[in-house]
Amino acid sequence: MSQASRQLSRLLRHTAGVRGLAMTADGWALIEDVCELLQMDRTALAAAVEHNDKARLQVDGDRIRACQGHSVEGMPVTREALENSWQQVTPTELLWHGTNLAALDFILAAGLHPGRRTHVHLAPTQNSPVGRRSRVEVLLGIDPARLGQPVFEAPNGVLLVRSVPAVAISQVLKADAVHWGGWSGR
């Protein structure tokens, strides 16, 4: 991912509020304002969006936003507005979340919670191209029938829920056993 793409993702997911960027509750900001704040021209912004390795950035006319992954604190986005901007889906197969062994016992007891983010990120398949990162040792299979809440899909294919109760975790696989090479749903 390019430096410009990192800057855009960071601004639109985590620091817009503290940096004074005007943003709607569902994450949209004016491209002109973003370019001015980051001292970036529109050509560089377009290239950064196109080459974002996780397709996190979405452009609509003169607006831009991060598809998902927003921080709760310091951001003008709300869970409700984000959910209203995503598609609600009804998965029937297991959903997946990657984590590390150190967190496994806690997650199995307490479930998954978004921490400082708006939602827990999940993937629709074990080999999904969305949600990858390094240092994942375990894949958790999540039974959507046991979630007890809506599942949303962001424009880049990441599935999102407010939390995952422990009872919904129905499978635990070592990441190397399924050849993920470092997958995570976050």
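Modeller: Before we start on helices, a word on terms: axes are lines fitted to C-alpha atoms, for helices over the stretch in contact, and angles run from 0 to 180 degrees between N-to-C directions. Please also keep in mind that this is a predicted model.
Colleague: OK, so at what angle do the axes of H1 and H2 cross?
Modeller: The axes of helix H1, residues 3-19, and helix H2, residues 31-38, cross at roughly 90° and come within 12 Å. That makes H1 roughly perpendicular to H2, since angles of 65 to 115 degrees count as roughly perpendicular.
Colleague: And which residues make the contact?
Modeller: From H1 there are Gln7, Leu8, Leu11, Leu12 and Arg19, while H2 brings in Val34, Leu37 and Leu38. Sorted by class, the contact of H1 with H2 has six nonpolar residues, one polar and one charged.
Colleague: Switching to strands, what is the order in the open sheet of three?
Modeller: The order is S5-S7-S10, and the pairing is antiparallel. Strands S5 (95-99) and S10 (169-174) each have a single partner strand and stand at the edges, so one side of each is left without a neighbour in the sheet. On average, neighbouring strands of this sheet are turned by 25° against each other, direction ignored.
Colleague: How many bridges join S7 to S10?
Modeller: Five bridges join strand S7, residues 138-142, to S10, and Leu139 stands opposite Leu173 in S10.
Colleague: Last one: is Leu122 buried or exposed?
Modeller: Leu122, whose place is in strand S6 (residues 120-122), counts as buried because its relative accessibility is 1%, and buried means under 20%.

Technical notes
Residues numbered from 1 in each chain as written. Predicted model: local features only at pLDDT ≥ 70, side-chain atom pairs only at ≥ 80, totals over all residues. Heavy atoms only, no water. Pairing = 2+ DSSP bridges. Helix = DSSP H or I, 4+ residues; strand = E, 2+ residues; numbered from the N terminus. Buried < 20%, exposed > 50% of the residue type's maximum accessible area, 1.4 Å probe, protein only. Parallel < 35°, antiparallel > 145°, perpendicular 65-115°, else oblique. Contact = heavy atoms within 4.5 Å. Nonpolar A, V, L, I, M, F, W, Y, C, P; charged D, E, K, R; others polar.
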